[in-house]
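Below is a short report on one protein model.

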Amino acid sequence: MLNKVVLLAIPGVAPFEFGTICEVFGIDRTESGGPAFDFTIATSRPGRVRTSQGFDIVMENDLSAAADADLLAVPAHSVDEVDDEVLEVIRAAERRGAWVLSVCSGAFVLAQAGVLDGRAATTHWMYTDKLAREYPGTTVNPDVLFVEDGNVVTSAGTASGIDAALHIVRKELGAAAANVIARRMVVPPQRDGGQSQYIDTPIPECKSDSLAPVIEWMLEHLDEELTVDQLARRALMSSRTFARRFRAETGTTPAAWLNRQRLVRAQQLLEQSDLSLEQVAARTGFGAAAVMRHHFVKSLQTTPTAYRRTFGERVPA
């Protein structure tokens, strides 16, 4: 069970990436039906820690606080060399099976600790070539939001750290818990790790030019068979133009986006209802329980039955 989360404050820490971990794990959201974590910030030398923006933050806890962490988070930072004590804390967390999460250039700290050897990983697209060059034992994917390899999760720049953190919450506590956090943070509840790091038009210039109305309609009709041709007609575009625009706005294809949203909806129904697997499959657009099971195993490495058994009883009344 994910309970104790420790965030490492390394000299040169980037305030935004540092803050995203604080926001996801450092707030008690039990009043909203969400989780509360035992959240601690630790550093190798308690006292003032200089950030990458030139101001200091004051830390009270030393690295002993990380000895029993269920999740150890390493944000971006601007310092090349890291204290050996920090690296050993990361190695120890990885050895005992705790989650180890990096945000942006925090991946370099994990690489220095040796926990990325033989693993797939990512970092901000500006630094992926450097990571691959300096740590050839790591398979670096430059195009994705985050990578999970065993108990180690590396994420790309800035907001993708939120995606990676919510991914861990979802795996440990279920979709409902992750959705409560996402709703309070006003961020998408789930962006798949395989989505592109950078999107051509993240903020449409004009609401009328955006696919948002079509995407909202897709979410309301997940139980139906939705083809690119049908969606393109609704958007008053050719199929080719729609597919190109959809990838530009979301970072993925219509089919992959639909599949991910159907999985999220199925997770919610398995947690919050007593519908049969066939009923859940029908309401989420998978059609049959066997098809839904295939997608659960492929994407979540578990079955719908096992997912319900794990998370179904954790939803607040």
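## Surface and overall build

The protein exposes about 15,000 Å², and carbon and sulfur atoms supply 50% of that area. Accessible areas come from the Shrake-Rupley method with a 1.4 Å probe; for residues, only the protein chains shown count as cover. This is a predicted model: local features need pLDDT of at least 70, side-chain atom pairs count only at pLDDT 80 or more, and totals for chains, interfaces and linings use all residues. Residues are numbered from 1 along each chain as its sequence is written, and side-chain values use heavy atoms, with hydrogens and water left out.

The secondary structure comes to 13 helices and 10 strands. Helices (H or I, at least four residues) and strands (E, at least two) are DSSP runs, numbered from the N terminus. The radius of gyration is 20 Å, close to the 20 Å that the globule rule gives for 317 residues, so the protein is as compact as a globular protein of that length. That radius is taken over C-alpha atoms, and the rule is 2.2 Å times the number of residues to the power 0.38. The C-alpha trace spans about 60 × 40 × 35 Å along its principal axes.

Buried residues make up 51% of the 317. Buried means under 20% relative accessible area, exposed over 50%, and partly exposed in between (1.4 Å probe, protein chains only). Among contacts (heavy atoms within 4.5 Å) between residues at least 6 apart in sequence, 64% join residues at least 24 apart.

An open sheet of six strands runs in the order 2-1-5-6-10-9, with mixed pairing. Two strands pair if DSSP finds at least two bridges between them. Neighbouring strands are turned by 15° against each other on average, direction ignored. Axes are lines fitted to C-alpha atoms, for helices over the stretch in contact, and angles run from 0 to 180 degrees between N-to-C directions.

Strand 1 pairs with strand 2 in the parallel sense over five bridges. Lys4 has Asp38 as its bridge partner in strand 2. Both faces of strand 1 are covered: Lys4, Val6 and Leu8 are buried on one side, Val5 and Leu7 on the other. Strand 5 (residues 71-74) and strand 6 (residues 99-103) are also parallel, joined by four bridges. There, Val74 is partnered by Ser102 of strand 6.

## Helices and cores

Helix 2 (residues 84-95) packs on the sheet and touches strands 1, 5, 6 and 10; its direction makes about 140° with that of strand 5. Helix 5 (residues 160-173) lies across strands 5, 6, 9 and 10, at about 160° to strand 6.

The largest nonpolar core has 38 residues; Phe18, Phe25, Leu71 and Val169 are among those with the most contacts inside it. Such a core is a set of buried Ala, Val, Leu, Ile, Met, Phe, Trp, Tyr and Cys residues joined through side-chain atoms within 4.5 Å. Helix 5 gives the most to this core, with seven residues. A second, separate core of 31 residues includes Ile90, Ala121, Leu131 and Val140.

## A buried alanine

Ala232 lies in helix 8 (residues 228-234). It counts as buried, at 1% relative accessibility. Beyond residues up to four places away in sequence, Ala232 touches Met237, Ser238, Ser239 and Phe242. Ala232 and Phe246 are 14 residues apart in sequence and 9.8 Å apart in space, C-alpha to C-alpha.
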